[in-house]
Amino acid sequence: MTGWAEFADGLAEQLARLPSGAVVVIGEAPTSSDKSRIAQFRQFDDSVWAQLSGDRWLDPTVQAGEAGRHLIREAGWREPDDDHIENWWVELPWPVASAAYRRVAEMVVTGLRDAFRIAGPTALVYQAWNEKSANSAIELPLLGLPVEA
């Protein structure tokens, strides 16, 4: 994968294929760090959640700042709040139309590329597992990203 457009295409298609119980974290390594700029997803039986790091969790040098927050808001993310651990968020009722997955993928690209200033998807890794299958790993080849080591 070389660019954001290919990443968005792969993300939209991969999200549409997630099983119930899936958890996906995409971001800078290590994605488990409180300082990593990430997007995360959870597939439930009746909904899909997507979140983008809130500035509260990030080192000041990588925060979105006011201009970035404006871009995130304009992309369609909902404001961080206590219920979403101070992250930007969107929740979609399941089943989700393919156009809605495409929209979420574009929202993620706007957040990571434009608001958080990540140069390209080559800077990203992912982790994915299924909570309903003993946290077994899930491979997501359509993302075009390496699995976090």
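**Briefing: fold, core and surface of the protein**

Read from the N terminus, the elements of the protein follow the order α-β-β-β-α-β-α-β-β. The radius of gyration is 14 Å, close to the 15 Å that the globule rule gives for 149 residues, so the protein is as compact as a globular protein of that length. The model described here is a predicted one.

**Overall architecture**
- The secondary structure comprises 3 helices and 6 strands, and the C-alpha trace spans about 40 × 30 × 30 Å along its principal axes.

- Buried residues account for 48% of the 149 residues in the protein.
- The largest nonpolar core holds 42 residues, and the members that touch the most others are F7, L11, I26, F41, W77 and V108.
- At least two residues of this core come from each of helix 1 (4-16), strand 1 (22-27), strand 2 (38-43), strand 3 (47-52), helix 2 (65-75), strand 4 (88-93), helix 3 (98-115) and strand 5 (125-130).
- Helix 3 makes the greatest contribution to this core, giving 8 residues.
- In soluble globular proteins, nonpolar side chains tend to be buried together.

**Surface and charge**
- The accessible surface of the protein is about 7400 Å², and carbon and sulfur atoms make up 53% of that area.
- There are 13 positive and 22 negative side chains in the protein, and the centres of these two sets lie 2 Å apart.

Definitions and conventions
Residues numbered from 1 in each chain as written. Predicted model: local features only at pLDDT ≥ 70, side-chain atom pairs only at ≥ 80, totals over all residues. Heavy atoms only, no water. Helix = DSSP H or I, 4+ residues; strand = E, 2+ residues; numbered from the N terminus. Rg over C-alpha atoms; globule rule 2.2 N^0.38 Å. Buried < 20%, exposed > 50% of the residue type's maximum accessible area, 1.4 Å probe, protein only. Areas by Shrake-Rupley, 256 points an atom, 1.4 Å probe, with all protein chains shown as cover. Lys, Arg positive; Asp, Glu negative; His and termini not counted. Charge placed at Lys NZ, Arg CZ, Asp CG, Glu CD. Core = buried A, V, L, I, M, F, W, Y, C linked by side-chain atoms within 4.5 Å.
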